[in-house]
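Colleague: Before we discuss this chain, could you put the sequence and the model up, so that we can go through them together?

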Amino acid sequence: MEPSNVKAGGHACPFRFRCLGCGHFRTDASYLPELKDYLATLLRDRERVLATGELDSWARAEAAPSETEIGKLRQLIHRVEDSMDELTDEDREQIKEAATALRRTRQVVDLGMPVIGSFVDQTRNEHRP
Ligand code: SF4
């Protein structure tokens, strides 16, 4: 929802894509697969960065996804899943159908929304959505 980033189609985040700590960030149940993929990516990236001997300690500390970010993402995933669990079976099915329709639409139409990508990609290219 950050105006300059929205205007740029999600390619001009002024905060280096720190979405999980940003008041402009919005998500919904249709993004649950991406949120889970992102968590897996953060965990993989953290292990790889912490295991490398090619970085000075300060660089390793800054390159590794933080425990805070990982914890925030886990909380968000649980919140979305818990919200789905609280629905009636009928409402849950409707949400799943809507999420499926949104996911299909996003495959063929650029809605201009920021997406969460690889942590390492984000650190290498600050202009990546
Ligand atoms: S891309 Fe993420 S960090 Fe950047 S303004 Fe949007 S929500 Fe905030």
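Modeller: Two definitions come before the helices: helices (H or I, at least four residues) and strands (E, at least two) are DSSP runs, numbered from the N terminus, and the expected span of a helix is 1.5 Å times one less than its number of residues. This is a predicted model, in which local features need pLDDT of at least 70 and side-chain atom pairs count only at pLDDT 80 or more, while totals for chains, interfaces and linings use all residues. Residues are numbered from 1 along each chain as its sequence is written, and side-chain values use heavy atoms, with hydrogens and water left out.

Colleague: What is the average pLDDT of the chain?

Modeller: pLDDT is the predictor's confidence in each residue, from 0 to 100, and over residues 116-129 pLDDT stays under 50. Where pLDDT is low, the predicted coordinates should not be read in detail. In the chain, 84% of the residues score at least 70, and the average pLDDT is 86.

Colleague: How far apart are the end C-alpha atoms of helix α2?

Modeller: The chain has six helices and zero strands, and α2 covers residues 32-51. Its 20 residues, at 1.5 Å a residue, should span 28 Å, which agrees with the distance in the model, where the end C-alpha atoms of α2 are 29 Å apart.

Colleague: Which residues does Arg-46 touch, not counting residues up to four places away in sequence?

Modeller: Arg-46 is placed in helix α2 and is buried, with a relative accessible area of 16%, where buried means under 20% relative accessible area, exposed over 50%, and partly exposed in between (1.4 Å probe, protein chains only). Taking contact as heavy atoms within 4.5 Å, and not counting residues up to four places away in sequence, Arg-46 touches Pro-65, Glu-67 and Ile-70.

Colleague: Which residues of α4 are exposed on the other side from the buried ones?

Modeller: The buried residues of α4 are Glu-69, Ile-70, Leu-73, Leu-76, Ile-77, Val-80 and Met-84. They cover an arc of only 125° around the axis, which puts them on the same side of α4, the arc being that of the directions from the helix axis to the C-beta atoms. On the other side of α4, the exposed residues are Glu-67, Thr-68, Gln-75, Arg-79 and Asp-85.

Colleague: What separates the C-alpha atoms of Thr-27 and Val-80?

Modeller: Thr-27 sits in the loop between α1 and α2 and, at 27% relative accessibility, counts as partly exposed. Leaving aside neighbours within four places in sequence, Thr-27 is in contact with Leu-35 and Leu-76. Although Thr-27 and Val-80 are 53 residues apart along the chain, their C-alpha atoms are separated by 9.2 Å.

Colleague: What is the phi of Phe-17?

Modeller: Most residues other than glycine have a negative phi, and most peptide bonds are trans. Phe-17 lies in the loop between α1 and α2 and is buried, with a relative accessible area of 3%. Although Phe-17 is not a glycine, its phi is positive, at about 55°.

Colleague: Which residues are around the ligand?

Modeller: A residue is near a molecule or strand if one of its heavy atoms lies within 4 Å of it. By class, the shell around the ligand has six nonpolar, two polar and two charged residues, where Ala, Val, Leu, Ile, Met, Phe, Trp, Tyr, Cys and Pro count as nonpolar, Asp, Glu, Lys and Arg as charged, and the others, Gly among them, as polar. The residues around the ligand are Glu-2, Asn-5, Cys-13, Phe-15, Phe-17, Arg-18, Cys-19, Cys-22, His-24 and Phe-25.
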